[in-house]
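This report considers charged pairs and a nonpolar surface patch. The sequence and structure are shown first.

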Amino acid sequence: MLEVFRLEFMQNALAAGLLASIACGIIGTYVVVKRIVFISGGISHTAYGGVGLGYLLGISPLLGATGFALLASVIIGIAGLRLKTSSDTIIGMIWAVGMAFGILFVSMAPGATPELMTYLFGNVLMVPKSDVYLMVILVMVIVVVVVSLYKEFFAVSFDEEYAAVLGLPVGSLYLIMLALVAMTVIILMRVVGIIMVIALLTIPPATARLFVNRMVPMMVVSVIIGVVTTISGLISSYALNEMLGKPVPSGPIIILLTALVFILSLLSKKMFAGWYVVKESNSNV
Amino acid sequence: MSKDESKEPVVRIRDVDFSYGDRKVLWDVNLTVRENEYLGIIGPNGGGKSTLLKILVGLIKPDKGKVEVLGTAPKSAVSHLGYVPQETLSDLDFPATVLDVVLMGRTARRGLFKRYSALDREKADRAIEKVHIQDLVERQIGELSGGQRQRVYIARALATEPRLLILDEPTAALDENIGRSLYGLLDELKKSITVIMVTHDMSVISRTVSSVACLCGTVFSHGDGKTVDPDTLEKVYGCPIDLIAHGSVPHRVLSAHGREG
């Protein structure tokens, strides 16, 4: 089994899986605690417009997606800061408009649109080296920004009003955070696809939260869960490819494995909690 | 007004107006708070108490008038300001321990990009001891009771080592015992810093504060706590009030609407 990792596409897949796990563990934690799941969904779906633009202009779809995702994060962020009402409506609009652009651009694009499905549903086995390089840069930016702004992000996530009293630039910090979400969406796109990005942003942190109650441990455990599920997902995907003789996308396999880990964690925690209560009541007797 | 005019003003509010849209909340507000004063702000709901505090901590800007905190604009005074908001944790699941939350108070002193130092930890520990929550430092913030959480927020404000401490109804979620120990703490603190507290607790007003401001859109009275006259309170609260004060017995404010048998 191990010799398959000597294949270049397998190495790329492994690198992409690891990078995606790091990004989703760190940024997913913020997405969950700051409750910006819907915003993240909006950003990721809008990115499809950029994928389409990439095909239309003959440039890298991932580059186009990066531009669209960042643009979406700025629009949603500013709308959220400026509008007194909820920004839900704006997110819904941008979400659909971005998808519409993507579908239109793809239909107008000359020639074939190879790999289109991998942007939508993700296939880590088809990540080219150039995309891995882009992912490395994005992950480095994310790590550097989060390490340098950790206490600021913490304060803003906990209580925006109090963060403002502390003199923090709450609006700018919020926009930076959304930009990091956009970058994470790009990193996850090749692994699980636009439509399922949300799952990898939410399930690992939610699972981690079951076992730890501080932010940094939550990030670390999320990353570990992500590494385990993406790697086992990509191995399963490869094995199914070989077995069935046709490509089976890794995206859905990874998501289902992650969901399975969450359910098992929840059950084991419940069972353990029950056992603990029984033990305690026994000792009282 | 038996106030020590020689002391430096910590807060100076001049002719301040503020409205939310068309609704005028504050008008012609004038208030001076001097060093080591312990000011209680009372007034009816919707009287603009929390709005005034928000102006003082720089969260909102007045439409008109001038506000100076520690000789400068509120926004520039943050590193010397401790603020205790009303109990408002919406996400009880938030992954933070008591220590994490108290350390947040050091952020104003640290500056962007810098990590907390050993000194920050020490100051946070000291603040935690002051409000007697040493046993809770490792606990997740959402697991605490409302009263315990309120003490965490006070510790967070104290961790800043403020020259001015501003509290918005700090005892609303506390039981009487803890409330009393909080007032004891504030009595201790007022020796070294200036305290402004919004409260509905009249017994506290008469027992501990050094001055009282009655706020109902504008400031009706700002004198020492022992001489708030019933007329002023009646004007502020908009209904007749009996103020019973006999020596050391706590003052009580009772509405005279109903009749007691």
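This is a predicted model: local features need pLDDT of at least 70, side-chain atom pairs count only at pLDDT 80 or more; totals for chains, interfaces and linings use all residues.

## Salt bridges and a buried pair

Side chains of opposite charge can pair when their charged atoms come close. Over all chains, the structure holds 18 salt bridges.

One of them joins B:Asp120 to B:Arg106, with the closest N and O atoms 2.8 Å apart. B:Asp120 belongs to helix α4 (residues 118-130) of chain B, while B:Arg106 sits in the loop between α2 (98-104) and α3 (107-110), so the pair ties together parts that are 14 residues apart in sequence. B:Asp120 is buried, at 1% relative accessibility, and B:Arg106 is also buried, with a relative accessible area of 4%.

B:Asp17 and B:Lys24 form a salt bridge in which the closest N and O atoms are 3.6 Å apart. B:Asp17 is buried, with a relative accessible area of 10%, whereas B:Lys24 is partly exposed, at 48%.

A further salt bridge connects the side chains of B:Glu188 and B:Lys191 (3.4 Å, N to O). Here B:Lys191 is exposed, with a relative accessible area of 59%.

## Nonpolar surface patch

In chain A, the residues A:Val216, A:Val220, A:Ile224 and A:Val228 make a nonpolar surface patch of about 330 Å². A:Val216 lies in helix α11 (residues 215-244) of chain A. A:Val216 has a relative accessible area of 41% and is therefore partly exposed.

Note on methods. Residues are numbered from 1 along each chain as its sequence is written. Chains are lettered from A and ligands numbered from 1 in the order in which they are written. Side-chain values use heavy atoms; hydrogens and water are left out. Patches are made of residues with over 30% relative accessible area and no salt bridge: like charges are joined within 9 Å, nonpolar side chains (Val, Leu, Ile, Met, Phe, Trp, Tyr) within 5 Å. Accessible areas come from the Shrake-Rupley method with a 1.4 Å probe; for residues, only the protein chains shown count as cover. A salt bridge is a side-chain nitrogen of Lys or Arg within 4 Å of a carboxyl oxygen of Asp or Glu. Helices (H or I, at least four residues) and strands (E, at least two) are DSSP runs, numbered from the N terminus. Buried means under 20% relative accessible area, exposed over 50%, partly exposed in between (1.4 Å probe, protein chains only).
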